[in-house]
Amino acid sequence: MAVAHDLIATAAIVLGVVLSALAARWATQRWAARAGRRTLLRLRTRVDRFKLTRKHYVISQVLADPAVADAVHAHAAEHGVREAETWQRVERYLHEIVPSFNVLAYYRLGYWVSRAALGLFYKVSVEYERDDPFRGLPRNAAVIYLMNHRSNADYVLVAYVMMGAVSISYAVGEWARAFPLEYLFKSFGSYFIRRRYREPLYHAVLQAYVQLITRNAVTQGIFPEGGLTRDGALRPAKIGLLDYALGVARDPALRDRLYVVPVGINYDRVLEDRTLLRELEMHGPAPARSRFLQAASVGRFALWNLGRLLTRRWRRYGRAAVTIGAPVPVDAWLSRLEAEGTALFSLPRTGRLPLVQQFADEMLARIGTIVPVTPVPLACAALQSFDADYVTRAALLERMAAMRDVLQEFNARVLRADRDIAETFDRAYRMLRLRRVIARTGSGYVMLPRGRPLVTYYANSIVHLLGPFAEGVRARDALPVHDWERGTAPTAS
């Protein structure tokens with residue numbers, strides 16, 4: 001009897017613990033749902049409904065895609081494995097790719113962290129190519145933001161400036177698949193992709209997922225350059241993800257709802273600039289470091305800046321600027337092709353991809369025309385236009401003023417173009433002096449040997465906009481040129 005009594009008491013305790021845990025989970029989920037709704041109402045922002053769909057449902061939708069089934073059959077036959085094993089492989093890919101969007105994480109944690117971090121390092125500017133950028137877009141529009149990629153901070157910067165209007169789902173590379181970044185990005189709605197991974201099965205799964213979220217009007221952010229620019233110039237466009245997303249336009253009902261929005265980004269200081277320049281010298285990415293070394297590097301950076309903050313020597317890194325372009329309807333591009341006698345989706349893949357590449361190049365050219373011109377890139381372009389390491393202040397200011405006039409003539413996005421040119425240079429000089437790029441000598445400035453690559457890096461971000469000055473700036477480029485890195489930059493017109 002005693003043993004039976006003890007068993008009953010133990011079972012009652014276990015049952016009570018389980019019920020309490022379930023009740024706590026239910027209460028937490030209910031609180032989170034209410035808090036999320038209050039947050040959205042307070043910010044008056046729009047969230048794509050499909051983002052709130054549970055992860056297992058999204059995975060089931062991709063698994064039901066006939067294209068994925070065909071890829072599974074082909075993979076199993078080619079590699080001599082059972083289809084059951086291949087389906088398990090597909091499910092692993094999906095668990096890796098598919099995010100779990102969390103309203104509170106995005107709009108509370110994400111907002112406050114991005115606001116604090118960006119406010120600490122930069123003065124953020126946002127400008128729109130037209131006053132009402134979303135005018136004329138249907139409520140169920142599927143919008144894809146295409147942006148140039150200068151820094152890993154781009155994800156945070158664009159999400160922050162757009163947070164009051166929309167939440168963006170980014171395609172994020174392997175660099176963010178580390179604790180805790182992976183969980184943060186997935187809770188923010190971003191999906192992970194394996195760059196340079198050529199397996200057809202993986203790409204069939206990724207394509208099915210991208211097309212699923214595009215059909216359901218999930219707002220996406222894609223970097224068509226396919227990675228960070230290592231020399232500061234715009235890289236050639238890559239079309240993988242863009243081609244996947246455009247594929248939904250085969251459906252006439254979706255074709256009218258698909259829009260692409262170009263976004264230009266620039267900084268007075270890119271946090272990774274010296275690392276990117278080292279990779280350029282090494283002809284590719286640096287060897288992967290251990291997590292301990294990565295943490296040590298981040299720790300040193302944090303402690304150094306904390307010391308400057310505590311000793312009141314902290315200075316922000318200047319401007320982080322974004323320009324949101326006017327939406328481009330995909331239907332207009334397809335209609336133009338059809339007027340020329342080309343039905344894009346009736347072509348084989350080998351005939352379709354060159355046309356998609358042309359569209360991507362056109363969008364990258366649009367991005368190039370709206371890249372913001374901040375003080376440091378303007379000052380660096382002026383410095384590099386002289387065939388000397390020493391430039392007088394008067395000559396430098398005169399050259400900067402002439403370049404600014406050309407930029408305005410080409411309708412470039414010059415920040416604070418109404419400001420006196422001396423004030424613009426002085427703001428740039430504070431950053432360049434802090435980083436030991438140039439130094440004041442007498443009535444002018446001398447370029448320090450270690451600073452020349454950085455001058456070229458920042459000048460390259462706007463050289464395509466400089467019209468008659470572009471050739472002279474490019475002629476004094478101090479960086480190694482590689483075919484894989486340097487593409488044909490768009491020119492101002």
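Predicted model: local features only at pLDDT ≥ 70, side-chain atom pairs only at ≥ 80, totals over all residues.
Val-376, Pro-377, Cys-380, Ala-381, Leu-383 and Gln-384 of helix H15 touch Val-455, Thr-456, Tyr-458 and Ala-459 of helix H18. Sorted by class, the residues that join H15 to H18 are eight nonpolar, two polar and no charged. The axes of H15 and H18 lie 8 Å apart, and the two helices pack at an angle of about 115°. Their crossing is left-handed.

Two packed helices are described by the angle between their axes and the distance between the axes.

| Helix pair | Distance of axes | Angle | Crossing |
|---|---|---|---|
| H15 and H18 | 8 Å apart | about 115° | left-handed |
| H15 and H16 | within 9 Å | roughly 115° | right-handed |
| H13 and H14 | within 12 Å | roughly 130° | right-handed |

On the H15 side, the contact with H16 is made by Leu-378, Ala-379, Ala-381, Ala-382 and Leu-383; on the H16 side, Leu-396, Arg-399, Met-400, Met-403 and Leu-407 take part. By class, the contact of H15 with H16 has nine nonpolar residues, no polar ones and one charged.

Now for the pair formed by H13 (residues 330-339) and H14 (residues 349-369), whose axes cross at roughly 130°. H13 and H14 are therefore oblique to each other. From H13, the residues in contact are Trp-333, Arg-336 and Leu-337, while H14 brings Leu-355, Val-356, Phe-359 and Glu-362. Five of the residues in the contact of H13 with H14 are nonpolar, two are charged and none is polar.

### A sheet of three strands

Next comes an open sheet of three strands, ordered S9-S11-S10 and paired antiparallel. Which strands stand at the edges? They are S9 (390-392) and S10 (438-441); each has a single partner strand, so one side of each has no neighbour in the sheet. Direction ignored, neighbouring strands of this sheet are turned by 30° against each other on average.

S10 and S11 (residues 444-447) run antiparallel and are joined by four bridges. One of the residues to look for here is Arg-440, whose bridge partner in S11 is Tyr-445.

### Helix H11 and its cover

Among the buried residues of H11 are Leu-276, Leu-277 and Leu-280, along with the charged residues Asp-273, Arg-274 and Glu-279. H18 (452-460) is included in what covers the buried residues of H11. Just after H11 comes His-283, which takes a positive phi of about 65°.

### Some loop residues

Most residues other than glycine have a negative phi, and most peptide bonds are trans. Ala-217 is not a glycine, yet its phi is positive, at about 60°. This residue lies in the loop between helix H8 (200-215) and strand S5 (220-222). Is Ala-217 buried or exposed? With a relative accessible area of 12%, Ala-217 is buried.

The other is Arg-416, which also has a positive phi, near 50°. Arg-416 belongs to the loop between H16 and helix H17 (421-434). Its relative accessibility is 40%, so Arg-416 counts as partly exposed.

A last stop is Thr-53, in the loop between helix H1 (2-43) and helix H2 (55-63). Thr-53 counts as partly exposed because its relative accessibility is 26%. How far from Phe-101 is Thr-53, going by their C-alpha atoms? These atoms are separated by 8.5 Å, although the two residues are 48 residues apart along the chain.

Key
Residues numbered from 1 in each chain as written. Heavy atoms only, no water. Axes fitted to C-alpha atoms, helices over the stretch in contact; angles between N-to-C directions. Parallel < 35°, antiparallel > 145°, perpendicular 65-115°, else oblique. Left-handed = near helix turned anticlockwise from the far one by under 90°. Contact = heavy atoms within 4.5 Å. Buried < 20%, exposed > 50% of the residue type's maximum accessible area, 1.4 Å probe, protein only. Pairing = 2+ DSSP bridges.
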